[in-house]
Amino acid sequence: MPPERIDALGAEVRHIDVREPEEFHGPLGHLPRAELVPLETLESACASWAREAPLLLICRSGKRSARAARALAERGFLRLYNLQGGMLAVRGDSTGTAR
């Protein structure tokens, strides 16, 4: 899911940010409505989530969120979207240097 298409997902999509707290609150910031669920805690956090609910997975560059999407798919989640390029793409930093 490219950053420019996020709004097309609709308001019912949960924004799950799998970064660490210092990244979530750091210079790249986070998306509105984003819920911080660090990747290490995802397995326990998702236990009570509805498997059919749409989830947008977010991280710094898109790699951790892709891992999160695979892990959730293995647990039966059906409507998963990975934010391509992560928060770097949202903020317009394609070089990967923003911290």
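A word on the model first: it is predicted, so local features need pLDDT of at least 70 and side-chain atom pairs count only at pLDDT 80 or more, while totals for chains, interfaces and linings use all residues. Residues are numbered from 1 along each chain as its sequence is written, and side-chain values use heavy atoms, with hydrogens and water left out.

Let's start with the overall layout. The protein has four helices and four strands, where helices (H or I, at least four residues) and strands (E, at least two) are DSSP runs numbered from the N terminus. Read from the N terminus, the order is β-α-β-α-β-α-β-α. The radius of gyration is 13 Å, close to the 13 Å that the globule rule gives for 99 residues, so the protein is as compact as a globular protein of that length. (That radius is taken over C-alpha atoms, and the rule is 2.2 Å times the number of residues to the power 0.38.) Along its principal axes, the C-alpha trace spans about 35 × 30 × 20 Å.

How much of the chain is tucked away? Of the 99 residues, 40% count as buried, meaning under 20% relative accessible area, with exposed over 50% and partly exposed in between (1.4 Å probe, protein chains only). As for contacts (heavy atoms within 4.5 Å), residues 24 or more positions apart account for 63% of those with a separation of 6 or more.

Now zoom in on α3, residues 63-74. At 1.5 Å a residue, its twelve residues should span 16 Å, and the end C-alpha atoms are 17 Å apart, which agrees; the expected span is 1.5 Å times one less than the number of residues. Ser 65, Ala 66, Ala 68, Ala 69 and Leu 72 are the buried ones here. They cover an arc of only 160° around the axis, which puts them on the same side of α3; the arc is that of the directions from the helix axis to the C-beta atoms. An α-helix has 3.6 residues a turn, so residues three or four places apart point the same way. On the other side of α3, Lys 63 and Glu 74 are exposed.

What covers the buried side? The cover includes α2 (42-45), β3 (55-58) and β4 (80-82). Just past the helix, Gly 76 takes a positive phi of about 95°.

Finally, pick out Ala 68, which sits in α3. Ala 68 is buried, with a relative accessible area of 0%. Setting aside neighbours within four places in sequence, Ala 68 is in contact with Val 18, Leu 39, Leu 42 and Leu 57.
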